[in-house]
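Here is a short report on one protein chain. Keep the sequence and the 3D view open as you read.

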Amino acid sequence: MLLDKGYEVHGIVRRSASLNRQRIDHLPQSAPGAGGGLHLHYGDLADAVGLVNLVRDVQPDEIYNLGAQSHVAVSFDIPDYTGQVTGLGTVKLLEAIHASGVDSRFYQASSSEMFGSTPPPQHEETPFHPRSPYACAKLYAYYTTVNYRESYGMFTCNGILFNHESPRRGENFVTRKITRAVARIHLGLQHELVLGNVAARRDWGYAPEYVEAMWRMLQHDEPADYVVATGDTASVRDFCEVSFAAVGLDWQEYVKTDPRYERPAEVPDLIGDAAKAKKLLDWEPTVRWRELARIMVEADIELAGREARGLAP
Ligand code: GDD
């Protein structure tokens with residue numbers, strides 16, 4: 001979206017033995033030193049010095065911190081790492097801006113997970129009750145973002161985004177796990193789908209619309225915190241039903257549950273009230289969860305078709 005708007009975009013890539021950049025491979029990279037386009041740099045939210053150097057060298061007008069160990073279930077297995085990256089990584093980045101004196105506007109990807117067990121609907125004034133190491137780390141990052149605004153007058157915003165999905169969603173988040181399974185079952189590549197708690201309810205929106213809201217926060221005159229959501233909710237069971245129905249199948253014939261995919265503490269029900277974003281940012285979502293499920297199933301049928309023909313994804 002930023003490239004489409006004509007931005008010069010700098011991204012941080014974590015070093016790993018195997019490349020995992022498939023989701024940005026289609027974006028051409030600009031040569032080092034060239035203006036415009038996309039530039040990638042090695043960096044890590046666990047590495048404060050690298051972040052300071054990068055902010056000082058690039059001098060970005062806007063910084064979007066979307067980096068995190070972002071899988072809620074996995075955060076129970078690696079709570080220390082999740083706290084380091086998802087929580088302390090944010091203070092490292094904020095301090096890199098503060099210490100280098102660069103005039104950057106800062107967006108923090110806060111999460112509806114922070115509301116945890118607080119009953120819906122949730123808005124900016126709703127009390128938080130985090131239910132996972134991930135949510136606790138996000139809450140730390142949220143308040144740090146508020147604190148740098150209040151302490152140093154920095155332009156920092158929290159986007160409290162409810163679940164946002166698209167065909168590019170990671171395969172072990174529930175929507176994508178479902179739509180990928182539907183496509184593969186439809187084409188005979190898979191025979192069942194094993195899930196955890198299918199009673200959990202989420203407010204699922206369409207990611208391309210949500211990034212527009214992030215951008216609008218940083219264009220506004222005043223920094224603030226905003227809920228971004230559709231205001232609609234559905235259970236994992238509902239999402240299964242609509243996704244399987246998109247290819248004419250009955251979900252109950254294919255879905256099994258296994259406690260191995262359940263979490264030690266669950267977030268039962270999320271419904272966001274995005275009235276503030278509508279009023280101040282003139283932002284409103286148009287895609288609701290049923291249409292989202294169909295968009296994702298369609299994209300996964302395309303991918304599964306390639307898999308069935310032995311082609312690269
Ligand atoms: N991943 C997963 N896999 N979730 C399952 C499964 C399964 O097999 N079966 C049931 N679920 C339930 C989870 O227990 C949860 O209640 C719900 O499906 C959604 O799980 P996820 O898709 O993993 O997303 P999440 O809500 O935990 O977190 C996502 O949204 C947050 C915003 O609210 C992530 O993107 C977070 O990073 C983000 O902050």
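## A loop residue and its contacts

Glutamate 266 sits in the loop between strand S12 (255–257) and helix H8 (275–281). Helices (H or I, at least four residues) and strands (E, at least two) are DSSP runs, numbered from the N terminus. The side chain of glutamate 266 makes a polar contact with the side chain of asparagine 197, at 3.0 Å. A polar contact is a pair of N or O atoms within 3.5 Å; within protein, one must be able to donate a hydrogen and the other to accept it, and residues adjacent in sequence count only if both atoms are side-chain atoms. Leaving out residues up to four places away in sequence, glutamate 266 touches Arg131, Asn197, Ala200 and Arg202. Contact means heavy atoms within 4.5 Å.

## What the model is

This is a predicted model: local features need pLDDT of at least 70, side-chain atom pairs count only at pLDDT 80 or more, and totals for chains, interfaces and linings use all residues. Residues are numbered from 1 along each chain as its sequence is written, and side-chain values use heavy atoms, with hydrogens and water left out.

## The sheet

Four strands form an open sheet in the order S3-S4-S5-S10, with parallel pairing. Strand S3 (62–65) and strand S10 (225–228) stand at the edges. Each has a single partner strand, so one side of each has no neighbour in the sheet. The twist averages 20° from one strand to the next. Two strands pair if DSSP finds at least two bridges between them.

S3 and strand S4 (residues 105–111) pair in the parallel sense over four bridges. Here asparagine 65 has glutamine 108 of S4 as its bridge partner. Helix H3 (residues 79–100) packs on the sheet and touches S3, S4 and strand S5 (156–161). The direction of H3 makes about 170° with that of S4. Axes are lines fitted to C-alpha atoms, for helices over the stretch in contact, and angles run from 0 to 180 degrees between N-to-C directions.

S4 and S5 run parallel, joined by six bridges. Serine 111 has leucine 161 of S5 as its bridge partner. Six of the six residues of S5 are buried, so the strand is largely enclosed by the rest of the structure. Buried means under 20% relative accessible area, exposed over 50%, partly exposed in between (1.4 Å probe, protein chains only). Thr156, Asn158 and Ile160 point one way from S5, while Cys157, Gly159 and Leu161 point the other way.

Asparagine 163 lies in the loop between S5 and S6. It is buried because its relative accessible area is 18%. Its contacts beyond four places in sequence include Ser112, Trp204 and Leu270.

## Cysteines and a glutamate

Cysteine 157 is buried, at 0% relative accessible area. Cysteine 240 is buried at 0% too. The whole structure has zero disulfides, a disulfide being a pair of cysteine sulfur atoms within 2.5 Å.

Glutamate 222 is in the loop between helix H6 (207–219) and S10. Its relative accessible area is 52%, so it counts as exposed. Glutamate 222 and cysteine 157 are 65 residues apart in sequence and 9.2 Å apart in space, C-alpha to C-alpha.

## Helix H9

Which residues of H9 are buried? They are Trp289, Leu292, Ala293, Met296, Val297, Asp300, Ala304 and Gly305. Their cover includes helix H5 (174–186) and helix H7 (236–245). After H9 comes glycine 310, whose phi is positive, near 75°.
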